[in-house]
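The tour starts with ring pairs, then moves along the chain.

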Amino acid sequence: SNNSFSEFPAQPLDSPTLTVLGIRSQRDASGNRTLRQWPTGIYQCPSLSGFYIGGNDLRKVDDTISPDIFIFEIKDNPNISIDLSAVCSYIKYGYYKLIYDKTQDIRGCDYLKE
């Protein structure tokens, strides 16, 4: 976290024992958010249970969201649009911790609006 990646570094996802990955708050020298692209295929990392990607400028997320990720942090991504219908029941019953902002465009999980 707190680097200046403009592209997601996919190499760590090849590790069969990777359990937590944080790539929060990517900024350039002027403080502008540099990470705007979602890491497609993150759900294919078999051992990932914590994913922290907040504080960036992620946009439209067209990818499968894995119920195997127990802690999923996307807060402070003001332009994000994401469909969480695949994990909504897990969130509702407390099996999945979503850390987000209520102002984000989160679809497929009306439970979050209650």
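**Aromatic pairs**

A search over the whole structure gives five aromatic pairs (Phe, Tyr and Trp rings, the six-membered one for Trp, with centres within 6.5 Å; planes under 30 degrees apart are stacked, over 60 edge-to-face, the rest tilted). Select Phe51 and Phe72: ring centres are 6.2 Å apart and planes at 10°, so this pair is stacked. Phe51 sits in strand β2 (residues 50-52) and Phe72 in strand β3 (residues 71-73), so the pair ties together parts 21 residues apart in sequence. Strands are DSSP E runs of at least two residues, helices H or I runs of at least four, numbered from the N terminus.

This is a predicted model: local features need pLDDT of at least 70, side-chain atom pairs 80 or more, while totals for chains, interfaces and linings use all residues. Numbering runs from 1 along each chain as its sequence is written, and side-chain values use heavy atoms, without hydrogens and water.

Phe72 is buried at 1% relative accessibility (buried is under 20%, exposed over 50%, partly exposed in between; 1.4 Å probe, protein chains only). Now show Phe8, Trp38, Phe51, Phe72 and Tyr96 together: they form one aromatic cluster.

**On to Leu21**

Go to Leu21 in strand β1 (residues 20-22). Leu21 is buried, at 12%. Its C-alpha lies 8.6 Å from that of Ser49, 28 residues apart along the chain.

**Last stop**

Select Tyr93, in the loop between α1 (88-92) and β5 (97-99). Buried or exposed? At 56% relative accessibility, Tyr93 counts as exposed.
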